[in-house]
Amino acid sequence: MRGSSFLEKASSELPGAIIGSNLEAIDPWIEVVAERIAEVSQWLKKTPESLFDSLECITAIDWFEPDAKKAAKVQWKPHIEMVYHLWSTVARASIVIKTNLPRWKGDVVGQLPEIPSVTGVWRTADWHEREVFDLSGIFFIGHPDLRRILCPEDWVGYPLRRDYEMPLEYHGIRAR
Amino acid sequence: MAQMVDDDPRIIEFDVRTDEMLVNMGPQHPSTHGVLRLVLRTDGEIVSQVESHIGYLHRCAEKIGENLTPRQWIPYTDRMDYLAAMNMNLGWSLTVEKLMRYQVSEKARHLRVLIAELGRLASHLVGMGAYGLDLGTFSPFLYAFREREKILDLFEETCGARLTYSYLTVGGATADLPPGWLEKCEAFLDQFTPLIAEYHSLLTTNAIFVKRTAAIGILSEALAIDYGCSGPVLRGSGVDQDLRRDGESIYTSMYDGYAFEVVVQKNGHYPRDHAYPPVPREAVVGDSWHRFYVRMLEVVQSVDLIRQAMDRYSACRGPLGEPLKINEKLPVGDAYLETECPRGQMGFYLVGDGTPIPWRARARSSSFSNLSVLHELCRGCLIADVPAIVGSLDIVMGEIDR
């Protein structure tokens, strides 16, 4: 089943969930409503035409306010973009899901943006979501054990945020 | 011990009530392959739960990638999977080329196959030797490193480095092979090929080795896919997938015209396994023994591919082509690419914003996903089997922690 007909089927079975797509991109992607990511994932995994049974990667991209020199050129408003790369071991095909989140929940600095967890769909999401939580500061609703994974548990801040500043010291160790 | 844990492996030793104990293993344990810390919940000798703590080698390479141009980031990819640095260079280079829609010359294409397969050979040799070490036999390690040393010598001649090469780069390679290199490589392969049988006799059919690995840490096909396992771990579970054949066209086109069969068991047989010891009766698909055996057969496959690549490379006339400028501007857009590294599918994700420096560089590690399945494999096993299972996953912590 090729791109456009598959997209039609998805849009009709998941009304309102898919709000954008680009099948001509280098990696064809669909954009979904953040709150319905788990539902769309479940559908993509179970639908016989696709069977995207393997989650490869979860990435959070921090589209931070551009600096003054570039501000005129860019069109984006500050936000976080979540990118899920899926792979089907049956059809040997891939698809990308994208979804947008605010940088902070309710625009209150320090309040992590929230998105439903997909651990119930693919178990590999467990560690990947922990990593995204750890480095990019995204809260995954429904994750069974959301702890830092790469940084120490008492680390402060989210290093892959664009406005992150390395602490001066960590337990008496000079950090910068 | 298997009969004691027939139903729910967590209900253990129910006749003898013993106390549960938390055993800390690592991060400086020799058989955790680097700095991996495992916390085992044990009841007597039986492990009921394993929790992995990672991150001891975390350098936030992705953050560094947001501050350097793709070619400047190549040395950081070396330091992820430092046992297969050539393959990591290749994965990142191809991702950048995918975003830029750039095609390297045919000569560079064959050079890359040649170097990548040689890298796979070196990596699997370490995998085999270190696995023996995990199980308490020292000699295979020495034999494996003896041969790996010769590959490192060959690599040293190409780029001057022995471990972190940065040789394959965006747009080809930093330099062409030096004169006389192919003859040395040929001589190495001629000397190496008969030794493979020797390695098999050292480990594959060794009674103790079989007892320690067969039917230990069985990973079912469904579980392997669910956890995103890849590479020999996935193929050891009987899933017929190898990105060199099934991947994206920019990667598979490198292997166009090459003859190779994916190493996976079909109808109880591996491709061309008649020359090598048969699968022992005790082994079950998906266990540690099968993961090891897949690696051993991939060694043969790589030797084969190297020979083919050498023929094709030497048939190519003309120059190799210059790599791209170090500050080449990236187009706006994103590209994700996975390549088949020795440890599994290593993915790189690149977001460009029109400047030479990527907006986001992401590395999806294969060992990371392979290790995340560990707690499933270790449920109900003996403490002594934990190193046997961890070793069979063949992880590299530099790649997991990045």
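This is a predicted model: local features need pLDDT of at least 70, side-chain atom pairs count only at pLDDT 80 or more; totals for chains, interfaces and linings use all residues.
How many residue pairs are in polar contact between chain B and chain A, both at pLDDT 80 or more? The count is 21 residue pairs, a polar contact being a pair of N or O atoms within 3.5 Å; within protein, one must be able to donate a hydrogen and the other to accept it, and residues adjacent in sequence count only if both atoms are side-chain atoms.

Residues are numbered from 1 along each chain as its sequence is written, chains are lettered from A and ligands numbered from 1 in the order in which they are written, and side-chain values use heavy atoms, with hydrogens and water left out.

**View 1. The interface between chain B and chain A.** Chain B contributes 46 residues to the contact (heavy atoms within 4.5 Å) and chain A contributes 40 residues. The buried area, that is, the accessible area (1.4 Å probe) that two parts lose on being put together, summed over both, is about 3,800 Å², with carbon and sulfur atoms giving 53%. On the side of chain B, B:Asp226, B:Trp359 and B:Phe368 lose the most area to chain A, together 19% of what that side buries.

**View 2. Salt bridges across the interface.** Eleven salt bridges are counted between chain B and chain A, each defined by a side-chain nitrogen of Lys or Arg within 4 Å of a carboxyl oxygen of Asp or Glu. A:Arg92 pairs in this way with B:Asp246, with the closest N and O atoms 3.2 Å apart. Another salt bridge, at 3.3 Å from N to O, joins the side chains of A:Glu56 and B:Arg364. This pair runs from strand β3 (residues 54-63) of chain A to strand β8 (residues 360-364) of chain B, strands being DSSP runs of E of at least two residues and helices runs of H or I of at least four, numbered from the N terminus. A:Glu56 is buried at 4% relative accessibility, and B:Arg364 is buried at 1% (buried, under 20% relative accessible area; exposed, over 50%; partly exposed, in between; 1.4 Å probe, protein chains only).

**View 3. The pair B:Arg307 and B:Asp190.** The closest N and O atoms of this salt bridge are 3.2 Å apart. The pair links distant parts of the chain, 117 residues apart, with B:Arg307 in helix α13 (residues 288-315) of chain B and B:Asp190 in helix α6 of chain B. B:Arg307 is partly exposed at 25% relative accessibility, and B:Asp190 is partly exposed at 45%.
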